[in-house]
Amino acid sequence: MAMGLGFRMSKEAAGSHAVSFFLGAALPTALLFFLASDRLGEGLSSISRSWGNGPAGGDDANEVMFKGLAELLPRVAMDDRTVIITSVNDAWAQPGSLLDLYLDSFKNGEDTAHLLDHLLVVALDARGFDRCRTVHPHCYLLNATSVDMSSAKPFMSPDYLELVWTKLVFQQRVLELGYNFLFTDCDMVWFRNPFRHFPVYADMSCSSDDFKPSRAPLDNPLNTGLYYMKSTNRTIEMMKYWRAARERFPGQHDQAVFVNIRHELVGKLHVKIEPLDTVYYGGFCEYHDDPEKVCTVHADCCVGLDTKVHDLKDFAADWKNYTSLTPEARQKGAFKWTYPTRCRDSIGWRKP
C-alpha cells in the first residue's frame, strides 16, 4: 500500500531486517528525524480522543479485552520487538484448511522455518483457538465481538465485515504495547523471508494487487492482506483513524476504507506508507513466474474457502517441485506457477 518518499524497496543484498534497522538507527540524522517526527503523534492524542474508537474504560478495559497479551508478546517477539500475526476462525483452522497450509509453507520455505517462533495466531473463536493449540505454540483467543466467528463467512456479509474489522482492534493494542508487527492473512503461503524487502523509512509497508514502479506510490492498488507496521505514535493514531473511518464508509471492509482514506493518513497524520512489489509479495491478482525472488503469495482475487485452499495447494506443490530441482535445472528458466483457475473463475476473471 502505497506512499512515502518515492524510494524503492531495499535490495536483497541488504541483510536481515533487524540488522538494517539497527544500522539505520545508528545514523545520527536519521535518528533525529525519526525521534522528531514520532513526537508528532503526541500532538495528535487529543484528536484521537475525539474519534472515540478505543475500548471504553481505557487501560482497565484493555486489560479485560486483551487479557494475557502483554505477557505473551515478549515470548513471541523478535529481538527488535517485531511479531508476525495472522488470524483464523474455526473454519480456517480445520485440518487440511488454510492454517495448515500456512504453517507448512514456513517449514518448506527458504529462511522461514525459524520465523514460526515469532508467529502469533489470533483465533477469533474458541474452536479455532483449540485447533490452533494442537498445531502451533503461540495462539491467542480474541474476544472482541459478540458475533459467532467460527464458520466460513460469505464475502461482504455483515459477519464477514465484523471478522475483518476485528483484527484492527487487536493490531492497535499490539502497537500500543510497543511492538512492531507484520500482519498477513492466513490465505497465504510463504516461500522466503519477507522482511528483507521492507523499506526501513516507511511507517507502513503494504502489499499491492497490481504494482507498477512508474506510478506514484499511493496510486498502486493497495491490499491489506500483508502489511508491516512500526510501533510509533503516528501508527497508533493511524490505526485509530482507520477504525473510526468505518462509520464514514458503512458496509465496507477494512481494505476498502483504507484505500479511501490513504491520502488523509499521509496528509493529516504524516504517516509514511510504501507499496510492496508483487515480484516479492504476489497474489492471484498479480504474480510473477520468478521463483528466485518470490517471498509470499496471497489468495486474493478469490472467493470461497475451498477455492482458496485448492489453488494455494497447487502453488505450494509447484514450490516443492522447484526447490527439489538441481541448480542447473532451476536456471533453465522454464518455471511457471499452476494457473489459479478456480480462484480467478470465482471472480469472473478473463484471461487477457
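Cys-343 is buried (under 20% relative accessible area; over 50% is exposed, in between is partly exposed; 1.4 Å probe, protein chains only), because its relative accessible area is 0%. The model is predicted, so local features need pLDDT of at least 70 and side-chain atom pairs count only at pLDDT 80 or more, while totals for chains, interfaces and linings use all residues. Residues are numbered from 1 along each chain as its sequence is written, and side-chain values use heavy atoms, leaving out hydrogens and water.

What does Cys-343 bond to? Its partner in a disulfide (a pair of cysteine sulfur atoms within 2.5 Å) is Cys-302, at an S to S distance of 2.1 Å. The link of Cys-302 and Cys-343 is left-handed, with -60 degrees about the S-S bond. Cys-302 sits in the loop between β10 and α12, and Cys-343 in helix α14 (residues 341-346), so the bond ties together parts 41 residues apart in sequence. Helices here are DSSP runs of H or I with at least four residues, strands are runs of E with at least two, and both are numbered from the N terminus. Cys-302 also counts as buried, at 10% relative accessibility.

Next comes the pair Cys-285 and Cys-301. Their sulfur atoms are 1.9 Å apart and form a disulfide. This one is right-handed, because the torsion about the S-S bond of Cys-285 and Cys-301 is about 100 degrees. The pair links distant parts of the chain, 16 residues apart. Cys-285 lies in the loop between β9 (281-283) and β10 (296-298). Cys-301 lies in the loop between β10 and α12 (305-323). Are the two ends buried or partly exposed? Cys-285 is buried, at 13% relative accessibility. Cys-301 is partly exposed, at 21%.

Another disulfide joins Cys-132 and Cys-139, with the sulfur atoms 2.0 Å apart. Its torsion about the S-S bond is -85 degrees, and the link is left-handed. Both Cys-132 and Cys-139 are buried.

The count comes to three disulfides. With bonded cysteines counted along the chain, the pattern is 1-2, 3-4, 5-6. In general, such a link is a covalent bond between the sulfur atoms of two cysteines.

Cys-186 is buried, at 0% relative accessibility. Cys-295 is buried too, at 1% relative accessibility.
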